[in-house]
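Here's a quick briefing for anyone meeting this structure for the first time. Have a look at it, then read on for the main points.

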Amino acid sequence: MHAAIEATNAVVTLDVGLPGIVWGWIITMNMWAKSIGTGVIFLLFYLLKKYPNEAGYLRFPVTVVSLVFIHIFLLFTVIDLHHIFRFWHIFTQPHFTSAITVGAWIVTGLVALLFLMAFTVFIKKNTASFDKMLTWAVVISIPVTLYTAAIMAEATARELWQMPTEAVQMLLAATLTGSATLILMGGRLSYEAKRDLGLILGLSAFVAFIVYMSEMVFGPMKGEEIIVTLQAVKGAGQYTTMFWIGQAAAFILPMVLVLLSISSRSESLLKLASILAIAGLWIVKYVWLVIPQLLNLS
Amino acid sequence: MQLGFLVDLHLCMGCKGCEIACKVENEVPLSTWRLRVKYVDVGMYPETKRTFTPLRCNHCANAPCERICPVSALHYIENGIVNIDKERCIGCAGCIMACPYGAIYIDPETQTADKCTYCAHRIASSMMPACVVACPVQANIFGDLDDPTSEISRYIQDHHDTRVRKPEKGTNPHHYYVGGGDVNLNPLASERVEGYSLFNNITHLPVGGHH
Ligand code: SF4
Ligand code: SF4
């Protein structure tokens, strides 16, 4: 029991709070798929700069993977709407103070650019134009991957979602899943390129883990609502097991596996780290999404 | 004009007349509410006391629900009311996640967001909100906060224990409570013991229906 309750010794005897979790696994799918869709663009850009000859063959498949995951993200965004067939109101009656609106417009731009890139490289076979467009795709992918953090920050009823940390976590989720996906896709890459991807994977996992732990440990300094929210993942909380399974799968094990793979030059360990990171991130995102919603607001 | 609400918690006797009047006036479906009266019991038997707190949308001057709504379904009208246009709403639930007071619900029949509008349709016809009319002890005081001679403005001037809910959120609510304390107004200051509420079998329907 926390301090305020002890002080007042008060019990709610009649109250009808809002039922259940409002943004559930569908929104988790949204965030997870978007991380992959933007992350592969960031990492393709890196590979083409550092290993232009051997990474060239990835241009088209990576663009397709990005398009597929961005569309999964869009699909799950739209099916979560209670009025699915009104989603175009965002374009016809936009309200630009909303990060939801701003994000939707920018994603639309990214999707158009990705289709153009796929056309340019697959039909026109023009890699020079593709690479120019890829630079723009990277630039646009940054706000695309970050804007969900802005939505969460605008959701002011859920104090756990702090803007600077959520933005960092979104970016790290993109580099984590982007590098993991390219490790799985990049069979023809040299070991050096794969090791680079592994290092990015391991570092992303490390920093993301540190940020989560910082919030866990130092969170109570921010306010009573955060203390109460974090109780769901601490000790015998409702989501403790799921939280730690997520942290282990997404961050801790991939970090260890990357280190082991570098010392043994093992590609299969890198692949295992990648699969764990991609699957684990879903769990991590889900827990962090639902726990602030357990808090009663009134 | 800036319309506002004040509830004198010294007067409120928890009859729920306002809640029922609101349900009827606005056809609020079962399992959802625009206005509700929360009961909190304080102390240990035999030294116990029950408090009653009517809760509704605060019509914040700096409303996060209005800001996050991607289609301006939630919008200000010139008398300061935060109103909702159900035809625009796409049902994203952003507003539910943004309102620090849990004042918004998805109407299970229309699948759109809904909340207290201070009975904007009645105000437009120069009538008082339904809950104000229904209150047998006149605990609800409604009026223009910009007019220093209005009843609500005078009430605020005369009562030094006037409070708003969660001022630290910076939403600047236009809904005041006289006689409220942490127990009534801070959800973290009271415990919710499962199975020990007045009506134990509360039906929890899914927020929209499609989940
Ligand atoms: S109380 Fe909630 S719903 Fe009402 S105006 Fe403020 S933020 Fe919006
Ligand atoms: S649910 Fe409707 S009112 Fe609420 S933010 Fe979304 S579109 Fe706006």
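B:Lys38 sits across from B:Thr53 in E3(B). That pair belongs to two antiparallel strands of chain B, E2(B) and strand E3 (residues 47-55), joined by 9 bridges. Keep in mind that this is a predicted model: local features need pLDDT of at least 70, side-chain atom pairs count only at pLDDT 80 or more, and totals for chains, interfaces and linings use all residues. Residues are numbered from 1 along each chain as its sequence is written, chains are lettered from A and ligands numbered from 1 in the order in which they are written, and side-chain values use heavy atoms, with hydrogens and water left out.

**Strands in chain B**
- E2(B) and E3(B) make a hairpin, with 2 residues between them. Strands here are DSSP runs of E, at least two residues long, and helices are runs of H or I with at least four, both numbered from the N terminus.
- There's also an open sheet of 4 strands in chain B, ordered E8-E1-E10-E9 with mixed pairing. Two strands count as paired if DSSP finds at least two bridges between them.
- At the edges of that sheet are strand E8 (140-144) and strand E9 (162-163) of chain B, each pairing on one side only.
- Strand E1 (residues 3-8) and strand E10 (residues 175-178) of chain B run parallel, joined by 4 bridges. B:Val7 is found opposite B:Tyr177 in E10(B).
- As background, strands of a sheet pair through backbone hydrogen bonds, either parallel or antiparallel.

**Where chains A and B meet**
- How many residues does each chain bring to the contact? Chain A brings 51 and chain B brings 66, with contact meaning heavy atoms within 4.5 Å.
- Together the two chains bury about 5,100 Å², 57% of it on carbon and sulfur atoms. Buried area is the accessible area (1.4 Å probe) that two parts lose on being put together, summed over both.
- A:Thr13, A:Leu14 and A:His82 supply 16% of the area that chain A buries against chain B, more than any other three residues.
- A strand pairing crosses between the chains: E1(A) and strand E2 (residues 36-44) of chain B are antiparallel over 4 bridges. A:Val11 has B:Asp41 as its bridge partner in E2(B).
- The interface has 4 salt bridges (a side-chain nitrogen of Lys or Arg within 4 Å of a carboxyl oxygen of Asp or Glu). One salt bridge links B:Lys169 with A:Glu159, whose closest N and O atoms are 2.7 Å apart.

**Around the ligands**
- Which residues surround ligand 1? Among them are B:Cys57, B:His59, B:Cys60, B:Cys65, B:Cys99 and B:Lys115, where near means a heavy atom within 4 Å.
- The shell of ligand 1 splits into 9 nonpolar, 2 polar and 1 charged. Ala, Val, Leu, Ile, Met, Phe, Trp, Tyr, Cys and Pro count as nonpolar, Asp, Glu, Lys and Arg as charged, and the others, Gly among them, as polar.
- Ligand 2 has 13 residues around it, and B:Cys69, B:Cys89, B:Cys92, B:Ala93 and B:Cys95 come nearest.
- The shell around ligand 2 has 12 nonpolar, 1 polar and no charged residues.
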